[in-house]
Amino acid sequence: ASGREGGAGRFLRDAAAIAVLVPVLLAAASQNLPLGLRAVVALIGVGLVTLDGLQTEETRLRHTALLAALTAVVVTGAMIGVVWAVVTPGVAAAVTLVIWYGVRGMVTGAVIPPRRLSSVAEHLAVVAIALFGLYWVTR
């Protein structure tokens with residue numbers, strides 16, 4: 001389970017999360033679906049994948065579910081902004097995936113024991129680089 005796995009287990013969990021999120025974020029970035037449906041797809045997909053990644057034996061499900069929901073709202077909001085700034089769904093999905101990785105890492109470092117401020121800063125930098133790259137490409 002999460003929290004007890006070694007480096008290989010964590011890698012596999014992250015790889016599985018990315019494998020699930022890529023089609024979810026592509027659907028959410030698609031111009032072929034109404035915005036409301038795209039937001040629901042992103043909220044549910046990001047929320048469930050994040051919940052799985054954050055849940056450990058040391059955390060309460062209620063606490064983890066709240067953090068996953070908060071992460072899903074932040075990432076979905078960012079995805080809507082990215083979709084408006086980017087023409088292609090693939091680029092929007094890729095940038096949103098990087099933002100999810102950074103936001104999930106910030107939440108983990110700030111709230112899930114053991115708390116590590118360096119991890120929060122590192123993942124904040126990931127989000128900032130993704131947003132700066134998006135700005136640079138679309139200006």
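# A tour around helix α3

Start by selecting Thr64, Leu67, Ala68, Thr71, Ala72, Val75, Thr76, Met79, Ile80, Val82 and Val83: in α3, these residues are buried (under 20% relative accessible area; exposed is over 50%, partly exposed in between, with a 1.4 Å probe and protein chains only). Helices here are DSSP runs of H or I with at least four residues, numbered from the N terminus.

A word on the model. It is predicted, so local features need pLDDT of at least 70 and side-chain atom pairs count only at pLDDT 80 or more, while totals for chains, interfaces and linings use all residues. Residues are numbered from 1 along each chain as its sequence is written, and side-chain values use heavy atoms, without hydrogens or water.

**Stop 1: the whole of α3.** Select residues 61-85. This helix has 25 residues. From first C-alpha to last, α3 reaches 35 Å, close to the 36 Å expected at 1.5 Å a residue (1.5 Å times one less than the number of residues). What covers its buried residues? Show α1 (7-29), α2, α4 and α5 (117-138), which are among the cover. Contact means heavy atoms within 4.5 Å.

**Stop 2: α3 against α4.** The axes of α3 and α4 come within 9 Å and cross at roughly 150 degrees. Axes are lines fitted to C-alpha atoms, for helices over the stretch in contact, and angles run from 0 to 180 degrees between N-to-C directions. The two helices are therefore roughly antiparallel (over 145 degrees; under 35 is roughly parallel, 65 to 115 roughly perpendicular, the rest oblique). Now show side chains. Among the α3 residues that meet α4 are Leu67, Val75 and Met79. On the α4 side, look for residues including Ile99, Trp100 and Arg104. The residues of this contact divide into 14 nonpolar, 3 polar and 1 charged. Ala, Val, Leu, Ile, Met, Phe, Trp, Tyr, Cys and Pro count as nonpolar, Asp, Glu, Lys and Arg as charged, and the others, Gly among them, as polar.

**Stop 3: α2 against α4.** Select Val46, Val49, Thr50 and Leu54 in α2, which meet Trp100, Arg104, Val107 and Thr108 in α4. By class, this contact has 5 nonpolar, 2 polar and 1 charged residues.

**Last stop: Gly90.** Gly90 lies in α4. Is Gly90 buried, partly exposed or exposed? It is partly exposed, with a relative accessible area of 38%. Finally, pick Arg60: Gly90 and Arg60 are 30 residues apart in sequence and 35 Å apart in space, C-alpha to C-alpha.
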